[in-house]
Amino acid sequence: MQQTPPSPLVDRFEAQRQAFGRQPFPTLAERRDRLQRLAALLDRHEAALVQAISADFSGRSPHETRLAEAFVVRAGLRHALRHLKGWMRERRVPTQLHFLPGRNRLLPQPLGVVGVVAPWNYPLQLSLGPALAALAAGNRVLIKPSELTPAFSALLERAVAESFAPDEMSVVTGDASVGQAFSHLPFDHLFFTGSTPVGRLVAQAAAANLTPVTLELGGKSPAIIDSSADLDEAAQRIAYGKLLNAGQTCVAPDYVLVPIGQGEALARRIARAAERMYPTLRSNPDYTAIVSPRHHARLRDMVAEAAGLGATIVQVNPANESLEQGTRKIAPTLVLNPPAGARLMREEIFGPVLPILEVPSLDAAIAHVQQGDRPLALYWFGRDTAHRDRVLRETISGGVTVNDCLWHLGQEHQPFGGVGASGMGAYHGEWGFNTFSKLKPVFHQSRWAGTALFRPPYGATFERLLGLLQRLG
């Protein structure tokens with residue numbers, strides 16, 4: 001049964017829809033003003049937003065929030081402001097010979113009201129990143145942040161209300177039932193970031209309204225260590241990519257595939273890299289806690305199950321601190337060769353737990369990746385370009401970083417998005433602008449149009465012209 005959204009939510013949506021009807025094509029100046037107000041909002045409230053996110057996590061590294069969230073949003077805003085005029089321009093496209101002197105153009109047109117459902121793991125970046133793209137494209141925006149980050153969500157609601165009229169951009173807060181109702185609204189586009197199971201429900205809700213969706217999901221993103229890789233370099237980069245935000249990152253390496261005989265050597269190197277970054281854990285502000293007791297318990301249960309199934313568990317706790325009571329932090333944990341049936345190998349981990357699996361060959365590594373759902377990210381480490389190119393050609397993933405982790409996500413000149421179970425659609429830079437626009441094809445007919453020759457009554461002239469066009473084609 002379709003859920004009926006509560007009246008205040010419908011009223012907010014209808015106000016935006018009516019405002020868009022009054023102004024269906026905002027000018028360049030109006031769009032730039034909205035982006036500049038968003039940038040000013042971030043400047044004004046950054047410190048408070050960072051503090052609120054840390055409170056929601058019971059300890060989130062402020063440096064990581066500033067880098068992975070505020071900096072990423074600012075980079076997107078600068079890029080959009082720099083390129084918006086070109087993105088909005090009517091685009092020339094070729095015209096077939098028999099339609100000349102008519103001409104073809106593509107007009108990027110705003111869609112209307114865009115809904116953004118943001119997750120808890122990067123609440124600032126994944127609220128305002130899609131929103132800035134939607135604003136650049138000339139839309140109105142409603143944002144629903146996660147109920148797992150209540151301090152952040154309340155602050156974002158107030159901050160947006162200070163800088164934007166409710167019918168321009170607005171934030172709605174509430175529990176999961178509000179999120180469900182939100183996804184049933186007849187948006188002109190719905191953007192969701194979160195888990196694959198919830199993404200399926202969002203897509204089903206949107207389908208009832210024929211609302212197009214962009215789904216940024218996740219999955220088990222592999223890191224493949226080639227026989228030609230520098231293990232020390234790979235270990236340091238994997239450790240950073242995995243432990244940023246304590247592994248609560250949709251593009252974090254979920255597991256590592258390494259040649260047979262190198263698993264323990266890689267584990268030692270990753271452990272040393274983790275110790276250098278985090279010499280202490282419990283009171284270390286650089287090391288982030290797990291967002292909720294439920295997620296914390298889930299991670300501990302997964303590790304315990306893998307141990308019970310015979311996997312080797314290596315916990316990285318340099319100061320031998322107790323993390324049993326009074327904290328939701330989990331020590332970086334390496335799991336060597338867990339069995340395929342373990343939850344660690346069936347579910348996206350989303351925490352500082354890293355399985356390391358030994359495989360006999362590159363063929364086996366590729367087969368392992370391909371037999372599962374298509375991941376959001378893939379990481380390859382090595383120097384053998386032939387092996388690299390095989391992995392790029394023979395695996396399918398949302399994106400790839402070669403000889404590092406995460407950084408393909410930060411490229412404003414490249415699209416970011418999933419494929420298959422890891423999502424659909426893309427954004428960042430011009431791809432975000434296009435996602436929230438209708439590239440409307442327009443054919444401009446000439447005063448002297450040869451197409452008049454194809455009107456009835458049909459006869460010999462029609463046959464000769466049609467035959468000529470078929471030969472030219």
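Reader: Which element supplies the largest share of the lining of the largest cavity?

Author: Please bear in mind that this is a predicted model. As a general idea, rolling a probe the size of a water molecule over the atoms shows where empty space is left. Here, helix α3 gives the largest share of the lining of the largest cavity, namely six residues. At least two lining residues come from each of α3 (62-88), α4 (125-136) and α14 (429-435).

Reader: What volume does the largest cavity have, and which residues lie nearest its centre?

Author: Its volume is about 160 Å³. The lining comprises 16 residues, and those nearest the centre are G76, G129, L132, E412 and H428. Sorted by class, the lining of the largest cavity holds nine nonpolar, six polar and one charged residues.

Reader: How many cavities of 30 Å³ or more does the structure hold?

Author: There are three cavities of 30 Å³ or more. The lining of the second largest cavity divides into 10 nonpolar residues, one polar and one charged.

Reader: Let us turn to a strand. Are the residues of β6 buried or exposed?

Author: A residue is called buried when its relative accessible area is under 20%. In strand β6 (residues 189-193), five of the five residues are buried, so the strand is largely enclosed by the rest of the structure.

Reader: Which way do the residues of β6 point?

Author: In a regular strand the side chains alternate between the two faces of the sheet. In β6, H189, F191 and T193 point one way, while L190 and F192 point the other way; all are buried.

Reader: Which strands pair with β6?

Author: Strand β3 (residues 113-117) pairs with β6 in the parallel sense, over four bridges. Within that pairing, V114 has H189 of β6 as its bridge partner. Strand β7 (residues 213-216) also runs parallel to β6 and is joined to it by four bridges. There, T214 of β7 stands opposite F191.

Reader: What unit do β6, helix α7 and β7 make?

Author: Together, β6, helix α7 (residues 196-207) and β7 form a β-α-β unit, and it is right-handed.

Technical notes. Residues are numbered from 1 along each chain as its sequence is written. This is a predicted model: local features need pLDDT of at least 70, side-chain atom pairs count only at pLDDT 80 or more; totals for chains, interfaces and linings use all residues. Side-chain values use heavy atoms; hydrogens and water are left out. Buried means under 20% relative accessible area, exposed over 50%, partly exposed in between (1.4 Å probe, protein chains only). Two strands pair if DSSP finds at least two bridges between them. A crossover is right-handed if, with the strands pointing away from the viewer, the path from the first strand over the helix to the second runs clockwise. On a 1 Å grid over the protein atoms alone, a cavity is a set of points where a 1.4 Å probe fits but cannot get out, and a pocket is an open set with protein on both sides within 12 Å along at least five of seven lines; lining residues have an atom within 4 Å of a point. Grid points are joined across faces, edges and corners, and a volume is the space filled by probe spheres set on the points. Ala, Val, Leu, Ile, Met, Phe, Trp, Tyr, Cys and Pro count as nonpolar, Asp, Glu, Lys and Arg as charged, and the others, Gly among them, as polar.
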